[in-house]
Amino acid sequence: MKSKFNIRKRLIKIGFLVNQIYKEAIVIRIISDFLFIIMQYYIWKAIYKTNTINSFTFTEMISYIIISKIIVNILPGNVSSDIGYKIKTGDILFSLLTPYSFTEIQLFENIGKSLFKLLVINIPLYLAYFLIIGINIQIIYLLEFILLISLTYIFYFFFELLFGVIYFYTNSQWGIQNLKYAVLLIFSGKIIPIKFYPSILYKISNFLPFKYFINVPILTLLGKNNNFIDSIIILSINILIIFMIFNITYKMAIKRLTIQGG
């Protein structure tokens, strides 16, 4: 038990330290995030000057955009592309041959990467939030948000793993990644709340589980989620479903790899 804990701790540490290798990229990422928020601030300021939007105040909209960026940064968004790269280079065999679970290696390394982004990359976003919005988050909503985003992280992780497993069956990594990004961009509420979507697109987005990646957690933090318990239950069910789908497809992929002599 202690040995497993130490392995997990080391994997988290590795994930955290990996992000520090490319210092120039970190600086560029921080600057680009800050510029993105400034750009969005003035775009929405101009929109609110000439339009009345009843469901969201200007402050709530800027809060939504900043929190969305924070969430996107900490979610394990590169799991599938990392798996795809390992499959392409053949390094996936080393990951599969280790005595430790492939899934757990991916999970704890990505927790380390997410912690680095949470504590370093997101600093300008925290500053932007407190400078523009101030400290107006209620503790109860913050606690609900933390619980929901923890479940979201698990759901997103298995979503990424599932896309990673697809690479065992196809060489079209570019196409798969573009499909994934398009789905998330449209249906997760990454850019704007899905409430602003046209009727048909809103109904589709509201039906699909992708809204739990960004839209629902943000609404929870802003005190606009009146169905928090339902969100927890539905998200938990979605985690079980995607976990089972991943397990089935993963076992099939490993069997296929073995049969082919991999």
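Trainee: What is the relative accessible area of Lys 224?
Mentor: Lys 224 has a relative accessible area of 29%, so the residue is partly exposed. The cut-offs are under 20% for buried and over 50% for exposed, with partly exposed in between, using a 1.4 Å probe and the protein chains only.

Trainee: Before we go on, what kind of model is this?
Mentor: It is a predicted model, in which local features need pLDDT of at least 70 and side-chain atom pairs count only at pLDDT 80 or more, whereas totals for chains, interfaces and linings use all residues. Residues are numbered from 1 along each chain as its sequence is written, and side-chain values use heavy atoms, with hydrogens and water left out.

Trainee: OK, back to Lys 224: which residue does it form a salt bridge with?
Mentor: Its partner is Glu 60, and the closest N and O atoms of the two are 3.3 Å apart. A salt bridge here is a side-chain nitrogen of Lys or Arg within 4 Å of a carboxyl oxygen of Asp or Glu. Lys 224 sits in the loop between α11 (215–221) and α12 (228–259) while Glu 60 belongs to helix α3 (residues 58–74), so this pair ties together parts that are 164 residues apart in sequence. Glu 60 is also partly exposed, at 22% relative accessibility.

Trainee: How many salt bridges does the structure hold?
Mentor: There are six salt bridges. One of them joins the side chains of Glu 104 and Arg 8, at 3.1 Å from N to O. Because Glu 104 is in helix α6 (residues 102–121) and Arg 8 in helix α1 (residues 2–18), that pair ties together parts 96 residues apart in sequence. Asp 82 forms another salt bridge, with Lys 113, and there the closest N and O atoms are 3.4 Å apart. Asp 82 lies in helix α4 (residues 79–89) and Lys 113 in helix α6, so the parts tied together are 31 residues apart in sequence.

Trainee: Switching topic, what does the secondary structure come to?
Mentor: The protein has twelve helices and zero strands. Both are DSSP runs numbered from the N terminus, with helices being H or I of at least four residues and strands being E of at least two.

Trainee: And α3, how many of its residues are buried?
Mentor: Twelve of its 17 residues are buried, which leaves α3 mostly covered. The cover over those buried residues includes α2 (23–50), α6, α7 (123–132), α8 (139–166) and α11.

Trainee: Can we zoom in on one of them, and which residues is Met 61 in contact with?
Mentor: Met 61 is in helix α3 and counts as buried, at 0% relative accessibility. Leaving aside neighbours within four places in sequence, Met 61 is in contact (heavy atoms within 4.5 Å) with Trp 44, Tyr 48, Phe 56, Pro 193 and Phe 196.

Trainee: What about the surface, which residues make the nonpolar patch?
Mentor: Ile 229, Ile 233, Ile 237, Leu 240, Ile 241, Phe 243, Met 244 and Ile 245 make a nonpolar surface patch of about 740 Å². Patches are made of residues with over 30% relative accessible area and no salt bridge, nonpolar side chains (Val, Leu, Ile, Met, Phe, Trp, Tyr) being joined within 5 Å and like charges within 9 Å. Among the members, Leu 240 is in helix α12 and counts as exposed at 55% relative accessibility. Ile 233 is likewise found in helix α12, and at 44% relative accessibility this residue counts as partly exposed.

Trainee: Last one, what is the accessible surface of the whole protein?
Mentor: The accessible surface comes to about 14800 Å², of which 69% belongs to carbon and sulfur atoms. Such areas come from the Shrake-Rupley method with a 1.4 Å probe, and for residues only the protein chains shown count as cover. Of the 262 residues, 43% count as buried, and the C-alpha trace spans about 65 × 40 × 35 Å along its principal axes.
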